[in-house]
Amino acid sequence: MSLSKKVILITGASSGIGAETAIHLAQLGASLSITGRNKQNLNKVAEQCGQPKPFVVVGDLANENDVKNIIDSTIKHYGKLDVLVNNAGIFELGTIETASLEQYDNIFNVNVRSVFQLTALAVPQLIKTKGNIVNVSSVYGLRPTRNNLAYCMSKAALDQFTRCVALELGSRQVRVNSVNPGAVQTNLFRNCGMSQEQRKIFFEQLKELHALGRNGDALEIAKTIAFLASDDASFITGVTLSVDGGMHAMPPSINMPLLV
């Protein structure tokens, strides 16, 4: 599989799945634009990608002007866009009784609103190249869990966004798909209110929720993103692809409450 001559924009590329995706796609020959809030981490990822180095754009997806700049500067640098990978996301714990409107707004601004804006700005370029979009969702967009309400809602919204935009852009040969990972231990969970020890216990417990009996690895998700972004997936659109070790198929009784 080759992504040579493909210009690919990856959000949330400074760590976790986004960083692993950038490194993997670079190995497949893609020309990358990587974005995130942490310039130092982005530069480290760019170094790991090798030559030619990715184009680095620092920006906050919760800021409308930053979102516009990410697209504009990418197009100015490369002259086109073939693939948009909407990977950036935030995670916070909370129930209908404990979550605040501020938490709800924070999660939806990054996980849904920024994706809507960035995609809308990218679509004219993707129509020109007959490109595609890969959204990074979650198994929790497909099934409920406890103490994770706003995050689950945001990923369910992202999945429906994937299907709707796939229908809207299909006649112009622009594919839109979603990857729905299970548990993957990344920095996403560092700011969710759990201590380091709680996170360790949390991920040990999560192994039991996967039919394969283990958590996922960021590279496994990156390889799936690469497949959907490539011409090998030319007849796939509107899909929410579970890459979750069978987590989506586990019975509801296994669905444990998240730690607080």
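Residues are numbered from 1 along each chain as its sequence is written. Because the model is predicted, local features need pLDDT of at least 70 and side-chain atom pairs count only at pLDDT 80 or more, while totals for chains, interfaces and linings use all residues; side-chain values use heavy atoms, leaving out hydrogens and water.

**The cores**

Let's start inside. A nonpolar core is a set of buried Ala, Val, Leu, Ile, Met, Phe, Trp, Tyr and Cys residues joined through side-chain atoms within 4.5 Å, and buried means under 20% relative accessible area (exposed is over 50%, partly exposed in between, with a 1.4 Å probe and protein chains only). The largest core has 31 residues, and Ile-8, Ile-10, Leu-25, Leu-32, Ile-34 and Ile-225 touch the most other members. Among the elements that each give this core at least two residues are strand S1 (7–10), helix H1 (16–27), helix H2 (39–49) and strand S5 (132–136). Helices (H or I, at least four residues) and strands (E, at least two) are DSSP runs, numbered from the N terminus. A separate core of 25 residues includes Val-7, Val-67, Leu-84 and Val-115.

What does Leu-25 contact, leaving aside neighbours within four places in sequence? Its partners are Leu-3, Ile-8, Ile-10, Ala-30, Leu-32 and Ala-226, where contact means heavy atoms within 4.5 Å.

**Two helix pairs**

Two packed helices are described by the angle between their axes and the distance between the axes. Axes here are lines fitted to C-alpha atoms, for helices over the stretch in contact, and angles run from 0 to 180 degrees between N-to-C directions.

| Pair | Axes come within | Crossing angle |
|---|---|---|
| H1 and H2 | 9 Å | roughly 25° |
| H3 (64–78) and H4 (101–129) | 10 Å | roughly 30° |

So H1 is roughly parallel to H2 (angles under 35 degrees count as that), and H3 and H4 are roughly parallel to each other too. In the H1 and H2 pair, Ala-19, Ala-22, Ile-23 and Ala-26 in H1 meet Val-45, Gln-48 and Cys-49 in H2. Over in H3, residues including Val-67 and Ile-71 are part of the set that meets H4.

Most residues other than glycine have a negative phi, and most peptide bonds are trans. Yet Gln-51 and Pro-52 are joined by a cis peptide bond, with omega about -5°; Pro-52 sits in the loop between H2 and strand S3 (55–58). Lys-5, not a glycine, has a positive phi of about 75°. Lys-5 lies in the segment before S1 and is exposed, at 70% relative accessibility. Lys-130 has a positive phi near 50°, and is exposed as well, with a relative accessible area of 58%.

Definitions and conventions
Angles under 35 degrees count as roughly parallel, over 145 as roughly antiparallel, 65 to 115 as roughly perpendicular and the rest as oblique.
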